[in-house]
Every structure is written in C-alpha cells, then in structure tokens.
Amino acid sequence: MDSDPPFHETYKTLFAATKPLNNDWLAAVAAVEELELPSIDLTRLSLEWPEKERCKNDIARAANEWGFFQVVNHGISRDVLEKMREEQVKVFKQPFQHKCREDKFMNVSAGSYRWGTPTATCLRLLSWSEAFHIPMTDISSLGDTSTFSSSSLHQFATKVASLAQKLAEILAEKSGKKSTFFQENTLPSTCYLRLNRYPPCPIPLFGLMPHTDSDFLTVLYQDQVGGLQLVKDGKWVAVKPNPEALFINIGDLFQAWSNDCYKSIQHCAVTNPTKERFSVAYFLCPSYDTVIESCSSNKPSVYRRFSFKEYRQQVHEDVQNYGYKIGLPRFLV
C-alpha cells in the first residue's frame, strides 16, 4: 500500500487547468537567495550580568528586526531530536489508509491527520504536504503501538514547551509586558505539535502556502533538506538549514500583544523535486477566551482588543471565503 496521499488523483482538475510555469506566484518557490538567520547561543542566559542581559536583548532584537531567529545550545539533546525524528519517519511511512485512521493508528484525536488543501481552487492555493496536528494533552496520554513509540515524542514535546515558555517570558520582559502572562494563559490543553512531511514533487509547488502563524511563538525543528522561506526586506529568502539549531518565529498574537514591537513574518515551505522533507513545529497558543490587548507606554494601540476565539473564527471565515488568511489587518484600530 502506498504511503503518499493521493495528490495527483485528488487534484487532477487543478493540474489540468493550470500551467504552473507561466504563473507569477512561482517567484516564491523558485531559487532564491539563501540566508542564515540570526543565531543566539542560549548558554549565555546562564552567565552573569551583563552577558545574560545582552543575550535577552539579542533575542528581542531578532524578534523585532526579523521575526525569525535560530537558537543553539537550547537544552534539547541531539539524542532526543534524532529519536523523535526516527519515530516521525516511521509514522509517515505507514500506508495512507492507516494514517487516515489516526485515532486507531496513533491513539490521537480523530481529525489530527491532514493533507493537501481541501479548499484549493488552483495550484497556487495547494499545500503539497501531510501532517499530524497533536494537542499536548494527547501527547501526554499517547501509548506505544506496534509501529510507534511515544516516549521520544513525549520527551521532545516536554522540552520544547519549556523552551517556548522561556523565550516568551524573555520577549515579554523586553517589551515591558507581564512575563507571567504565558504561564497563566498558554496551557498544555491549548498548545500543540505538528509533525510535517513534504513528499517530493515533480513541479515547483508550495509544501505549505505563504502564511503567518496564528499563535504567540513557534519552535521548529527541521531536517537538512531545506525548503523554509520567509520575507525579509520585501523579498523572499531561503533559510539555511542548521543541524544544531531550533528555529523560532513570532506569531500574530505576539505581534498584536507587543503592539508591533515583534513581527509575525510571512513564510512558506517549498517542495523538493527528488527529496522528502520532515519538520516538527511546536505552537504556543492561549485558551480561546484569552484576550489579546495591544498597548504600550510610548505609542497608541495598533490593534483593538480581541479574543483568541474571535481571531480563529475570523481566520476560518477568510480562508473559507477567499482561500487564504487575512490575519491581523482585520483587527487594526
């Protein structure tokens, strides 16, 4: 049985109706300049002042100027990362029909396995990827199956959640906000992991469409195939892989909460014609009733008050109506 989702069969009308090589949107998936993100060594946080403070300032500066950065010496061992990746590969190598029954196959909630883009009306709106969206509460209750060992995933999830909290608290402190906000509002029941696989694709397509993340903070571990791209200074650039690093990006909620102090940057994943790509992302999200207030001492609020539930509902409506997310511009004052 084939492990790949039936992309060609499911989206054959889109392929028949589109001439991909003649579309301007291919500029975002074509060869672009490769850059190395700002790199921050987190061992500096354990040093005495002023080096500890300089490290915090570097984190805040990268979040402001780039919206993306990479961290090394992050406290998650190579052994944990490699074992987690081995389990991830095993999961995605299972037959497609088994993955579609994820509640039986992995003991996770039904609907956790997703692939493609059901709402796509053209190839430009199609994501050539498959993923498992797993709430942290599901991870804590996962059991081993004949094809999956949950201990590696659980170890990774626990450590990456702690790292995300640490970074969020530093960014809150440096923006003059309450640093305990995240401990109080981002709980295991509201955060999740997404295991991603991007199958090889014979033509240049998005593995994940250009978007911003609808969370506070995302922590990404990726392989060395490459494919992550982001917008810097108005143009698309490719992110150089780093086997020693985890990649951090600011989400929409942090941009709004920090009153534009930190930037949620548009990014995407692009396909590779011959190699599959794997990544896993942790999303730091609040409860649905958490209210995001945009305020600072030195400038007026950029965004009106809104709840995370309201934000998610607006994103869902926009995707249904237009095929893509509009995001924070909907909530400007």
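**Entry 1: helix α11**

I looked up the outward face of α11 and found the exposed residues His 316 and Asn 321 there, turned away from the buried side of the helix. I take buried as under 20% relative accessible area, exposed as over 50%, and partly exposed as in between, with a 1.4 Å probe and protein chains only. The model is predicted: local features need pLDDT of at least 70, side-chain atom pairs count only at pLDDT 80 or more, and totals for chains, interfaces and linings use all residues. Residues are numbered from 1 along each chain as its sequence is written, and side-chain values use heavy atoms, with hydrogens and water left out.

Helices (H or I, at least four residues) and strands (E, at least two) are DSSP runs, numbered from the N terminus. Helix α11 covers residues 308-322; its 15 residues reach 21 Å from first C-alpha to last, close to the 21 Å expected at 1.5 Å a residue. The expected span is 1.5 Å times one less than the number of residues.

I noted Phe 308, Tyr 311, Val 315 and Asp 318 as the buried residues of α11. They cover an arc of only 90 degrees around the axis, which puts them on the same side of α11. The arc is that of the directions from the helix axis to the C-beta atoms. An α-helix has 3.6 residues a turn, so residues three or four places apart point the same way. The cover over the buried residues of α11 includes α10 (252-257) and β15 (306-307); contact means heavy atoms within 4.5 Å. After α11 comes Gly 323, with a positive phi near 90 degrees.

Gly 67 follows α3 and has a positive phi near 80 degrees.

In the loop between β2 and α3 I located Pro 50. The peptide bond from Trp 49 to Pro 50 is cis, with omega near 15 degrees.

**Entry 2: the sheet of eight strands**

I traced an open sheet of eight strands in the order β2-β3-β11-β8-β13-β6-β5-β4, with mixed pairing. Two strands pair if DSSP finds at least two bridges between them. At the edges, β2 and β4 (113-115) each have a single partner strand, so one side of each is left without a neighbour in the sheet. Neighbouring strands are turned by 25 degrees against each other on average, direction ignored. Axes are lines fitted to C-alpha atoms, for helices over the stretch in contact, and angles run from 0 to 180 degrees between N-to-C directions.

- β5 and β6 are joined by six bridges, and His 133 stands opposite Arg 194 in β6.
- β6 and β13 are joined by seven bridges, and Tyr 198 stands opposite Arg 277 in β13.
- β8 (residues 217-222) and β11 are joined by four bridges, and Val 219 stands opposite Ile 248 in β11.

Strand β6 is mostly covered, with six of its seven residues buried. Helix α4 (residues 78-92) lies across β5 (130-135), β6 (192-198), β8, β11 and β13 (277-284), at about 110 degrees to β13. Helix α8 lies across β3, β5, β6, β8, β11 and β13, at about 135 degrees to β8.

**Entry 3: nonpolar cores**

A nonpolar core is a set of buried Ala, Val, Leu, Ile, Met, Phe, Trp, Tyr and Cys residues joined through side-chain atoms within 4.5 Å. The largest has 82 residues, and Phe 156, Leu 193, Phe 216, Leu 217 and Tyr 282 have the most contacts inside it. Helix α8 (residues 150-174) gives the most to this core, with 12 residues. Not counting residues up to four places away in sequence, Phe 156 touches Ile 76, Val 80, Leu 81, Met 84, Leu 193, Tyr 221 and Val 280. Another core, of 15 residues, lies apart from it and includes Phe 7, Leu 126, Trp 128 and Val 270.

**Entry 4: two positive phi values**

In the loop between α10 and β12 (267-270) I found Asn 259, with a positive phi near 60 degrees. Asn 259 counts as buried at 1% relative accessibility. Asp 260 lies in the loop between α10 and β12, and its phi is positive, near 70 degrees. At 19% relative accessibility, Asp 260 counts as buried.
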